[in-house]
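Please open the structure in a viewer and keep the sequence at hand.

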Amino acid sequence: MDDVIDVNIGMEMVNIVLLGMLFIVGIAIARMRSLFGIVMLSGIYSLVSAAWYVAVDAVDVAFTEAAVGAGMSTAVLLGAMLLTSRTAKPEKPLKNLGPFLVCIVTGILLIYATVDLPGFGDPNSPANSGVGLTYLQINWHDTGIPNVVTPVLGSYRGFDTLGETTVVFVAGLAVALLLGFGERSLAETIRKEDKAPPPLPKDDAISNEKEGKE
Amino acid sequence: MTAAALIALLIGMLLLLIRAIAGPTLYDRVLAVNSFGTKTVLALGLLGFVMGRPEFLDIAILYALINFVATIAILKFFRYRSFQVPLVRRGGQGGGNNG
């Protein structure tokens, strides 16, 4: 059973590999000019980060990331790409200097802020010493669910979660009603104003649509 | 044994990542993303067993569902240039698929 002994080192390695993949994907997204490739890579980014959330035991965040990041936002970004062009404009190197500096400064500030945070699993940290400890003690007797976050969201704060879900659902419904469905939707209207009856793309129209050079 | 399988899966994910970044055509990337999702599902299942908590299998199942829906959405986007075309069209102009 060497699996059990090496599990800590193994988890470290898994974390390093997953974070390295996130880094590679981030760099590739920043360098790429084809919007479709960027959308696909952002889907991969969401999948990897969701897997990483599971690896560090944040299961609820992983659920949200997988549903919203990998599923929903890929579809939404593709729909947005439908209304714009296929490739980004070529960049001007000097114009990127300002945002680059802002990113560097923000990163340094965030790293500086993590110095004050309590260590991982520190029993004296505010999150673990107050109500969190109570949850840890009474949770098993109340619900019998091994993961503590799940009963807190679904049981102790169940009505809170229900309200949040209702708000998000109503907001999504309102956006869908505003944008419309089918032949009266915004995208269809724009397309009809563009030119009279649009020819539906045949297979050859798709196949000769190679991406531009990067 | 599960750890070895997990390492193999992570290497496979890296290879797919190369294909998704370098892939010359759109379809290479769609395929790469789809199989990357499958690899993530498998990796999550294995991760649960390596960490000693097989409950993660539930999350892996959810990932499989999301991966399937996302691939369908992407492919429908390519076929119709829109998500809003119903799968069965009521005749009329602009219909590309007759049945």
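In which loop of chain A is A:Asp122 found? Select A:Asp122: this residue lies in the loop between helix H5 (97–114) and helix H6 (126–129) of chain A. Helices here are DSSP runs of H or I with at least four residues, strands are runs of E with at least two, and both are numbered from the N terminus.

The model is predicted, so local features need pLDDT of at least 70 and side-chain atom pairs count only at pLDDT 80 or more, whereas totals for chains, interfaces and linings use all residues. Residues are numbered from 1 along each chain as its sequence is written, chains are lettered from A and ligands numbered from 1 in the order in which they are written, and side-chain values use heavy atoms, with hydrogens and water left out.

**First stop: A:Asp122**

Keep A:Asp122 selected. Its relative accessibility is 25%, so A:Asp122 counts as partly exposed. The scale is as follows: buried means under 20% relative accessible area, exposed means over 50%, and partly exposed lies in between, with a 1.4 Å probe and protein chains only. From C-alpha to C-alpha, A:Asp122 and A:Leu35 are 43 Å apart in space, and they are 87 residues apart in sequence.

**Second stop: chain A as a whole**

Select chain A and display its secondary structure. Chain A has 11 helices and zero strands. Of its 214 residues, 24% are buried. Chain A exposes about 14600 Å², and carbon and sulfur atoms supply 70% of this area; accessible areas come from the Shrake-Rupley method with a 1.4 Å probe, and for residues only the protein chains shown count as cover. Among the contacts in chain A with a separation of 6 or more, 52% are between residues 24 or more positions apart. Contact means heavy atoms within 4.5 Å.

Select residues 35–55 of chain A, which form helix H3, and residues 59–83, which form helix H4. The two helices pack at an angle of about 175°, with their axes 8 Å apart. Axes are lines fitted to C-alpha atoms, for helices over the stretch in contact, and angles run from 0 to 180 degrees between N-to-C directions. H3(A) and H4(A) are therefore roughly antiparallel to each other. Angles under 35 degrees count as roughly parallel, over 145 as roughly antiparallel, 65 to 115 as roughly perpendicular and the rest as oblique.

The contact includes A:Leu35, A:Phe36 and A:Tyr53 of H3(A), and A:Val61, A:Ala62 and A:Glu65 of H4(A). By class, 15 nonpolar, six polar and one charged residues make up this contact. Ala, Val, Leu, Ile, Met, Phe, Trp, Tyr, Cys and Pro count as nonpolar, Asp, Glu, Lys and Arg as charged, and the others, Gly among them, as polar.

Next, select A:Tyr53, which is placed in helix H3 of chain A. A:Tyr53 is partly exposed, with a relative accessible area of 23%. Apart from neighbours within four places in sequence, A:Tyr53 is in contact with A:Ala58, A:Val61, A:Ala62 and A:Glu65. The C-alpha atoms of A:Tyr53 and A:Leu117 are separated by 19 Å, and these residues are 64 residues apart along the chain.

Select residues 131–142 (helix H7) and residues 149–156 (helix H8) of chain A, whose axes come within 10 Å and cross at roughly 70°. That makes H7(A) roughly perpendicular to H8(A). Show the side chains of A:Tyr135, A:Ile138, A:Asn139 and A:Asp142 in H7(A), which meet A:Pro151, A:Val152 and A:Tyr156 in H8(A). The contact of H7(A) with H8(A) has five nonpolar, one polar and one charged residues.

Select chain B, which has three helices and zero strands. Buried residues make up 43% of its 99 residues. The accessible surface of chain B comes to about 5100 Å², with 71% belonging to carbon and sulfur atoms.

Select residues 2–22 (helix H1) and residues 26–50 (helix H2) of chain B, which pack at an angle of about 160° with their axes 9 Å apart. That makes H1(B) roughly antiparallel to H2(B). The residues of this contact divide into 18 nonpolar, four polar and four charged.

Is B:Asn67 buried or exposed? Select B:Asn67 in helix H3 (residues 57–80) of chain B. B:Asn67 is buried, with a relative accessible area of 10%. Not counting residues up to four places away in sequence, B:Asn67 touches B:Val33, B:Asn34, B:Gly37 and B:Thr38.
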